[in-house]
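Biologist: I would like to learn how to read a protein model. Could we go through one step by step?

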Amino acid sequence: MTRTDEKVRYLPESQGEDLTPVSAASGVENVLRMLEGRWKLVILFHLFGGKVLRFSDLERAIPAISQKMLIQQLRQMEADGIVRRIVHHQVPPKVEYRLTDWGQSLCPALDALLKWAASRGAFEDVPTSGDG
């Protein structure tokens, strides 16, 4: 006998919780906490598309970041479930990083944010903090 989800090839999606302005704001605050920091989004963009990069590859790809900061940002993203750290037990040690499936699912959301920002016009027209 075939299972229902095999027949229809999808699993029913659960209904999301009813959001209130307070719960939505809290959720957005939690998401922004996971992505805050000068380098996390840059690291994400280097890992999008299923790329698996060694620590040294990330250092070369982002030359302005210090080794300490790169380690700190990667550890935070690993703790949040966005990045997976793969340790190969060999000499010399080899450590690679890749996005989790959940981390990879950020790509369309960030793409939508870029499109939203671009719809305003040139990025250089966006006021920085401190501008009126």
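Modeller: This is a predicted model. Start with how the chain folds back on itself: among contacts in the protein with a separation of 6 or more, 49% are between residues 24 or more positions apart.

Biologist: Which elements make up the protein, and in what order do they run?

Modeller: The protein has seven helices and three strands. From the N terminus on, the order is α-α-α-β-α-α-β-β-α-α.

Biologist: What pLDDT does the protein average, and where is the pLDDT below 50?

Modeller: The general idea comes first. Where pLDDT is low, the predicted coordinates should not be read in detail. In this protein the average is 83, and 79% of the residues score at least 70. Residues 1-12 have a pLDDT below 50, and that stretch has three contacts in the model beyond near neighbours in sequence.

Biologist: How many of the residues count as buried?

Modeller: The share is 23% of the 132 residues.

Biologist: Which residues of helix 3 are buried, and why are they on the same side?

Modeller: The general rule concerns the turn of a helix. An α-helix has 3.6 residues a turn, so residues three or four places apart point the same way. In helix 3 the buried residues are Lys40, Ile43, Leu44 and Leu47. They lie on the same side of helix 3 because they cover an arc of only 100° around the axis.

Biologist: How does helix 3 pack with helix 7?

Modeller: Helix 3, residues 40-47, and helix 7, residues 106-120, pack at an angle of about 120°, and their axes are 11 Å apart. Their crossing is left-handed. Helix 3 makes the contact with Leu41, Leu44 and Phe45, and helix 7 makes it with Leu106, Leu110 and Leu114. Of the residues in this contact, six are nonpolar, none are polar and none are charged.

Biologist: Now single residues. Is Gln73 buried or exposed?

Modeller: The cut-off for buried is under 20% relative accessible area. Gln73 has 5%, so Gln73 is buried. Gln73 belongs to helix 5, residues 67-79. Setting aside neighbours within four places in sequence, the contacts of Gln73 are Glu36, Gly37, Arg38, Trp39, Lys40 and Ile43.

Biologist: Leu74 is also in helix 5. Which residues does Leu74 touch?

Modeller: Not counting residues up to four places away in sequence, Leu74 touches Ile43, Phe55, Leu58, Val83 and Tyr97. Leu74 counts as buried because its relative accessibility is 0%. Take Phe55 as an example of distance: Leu74 and Phe55 are 19 residues apart along the chain, and their C-alpha atoms are separated by 9.5 Å.

Biologist: Why does Lys51 count as partly exposed?

Modeller: Lys51 counts as partly exposed because its relative accessibility is 43%. Lys51 lies in the loop between helix 3 and strand 1 (53-54). Leaving out residues up to four places away in sequence, Lys51 touches His46, Tyr97 and Arg98. Lys51 and Arg98 are 47 residues apart in sequence, yet their C-alpha atoms are 6.2 Å apart in space.

Biologist: And where does Asp57 lie?

Modeller: Asp57 lies in helix 4, residues 55-61. Asp57 counts as partly exposed, at 25% relative accessibility. Asp57 and Glu96 are 39 residues apart in sequence, and from C-alpha to C-alpha they are 9.1 Å apart in space.

Note on methods. Residues are numbered from 1 along each chain as its sequence is written. This is a predicted model: local features need pLDDT of at least 70, side-chain atom pairs count only at pLDDT 80 or more; totals for chains, interfaces and linings use all residues. Side-chain values use heavy atoms; hydrogens and water are left out. Axes are lines fitted to C-alpha atoms, for helices over the stretch in contact, and angles run from 0 to 180 degrees between N-to-C directions. Helices (H or I, at least four residues) and strands (E, at least two) are DSSP runs, numbered from the N terminus. A crossing is left-handed if the near helix is turned anticlockwise from the far one by less than a right angle, and right-handed if clockwise. Contact means heavy atoms within 4.5 Å. Ala, Val, Leu, Ile, Met, Phe, Trp, Tyr, Cys and Pro count as nonpolar, Asp, Glu, Lys and Arg as charged, and the others, Gly among them, as polar. Buried means under 20% relative accessible area, exposed over 50%, partly exposed in between (1.4 Å probe, protein chains only). The arc is that of the directions from the helix axis to the C-beta atoms. pLDDT is the predictor's confidence in each residue, from 0 to 100.
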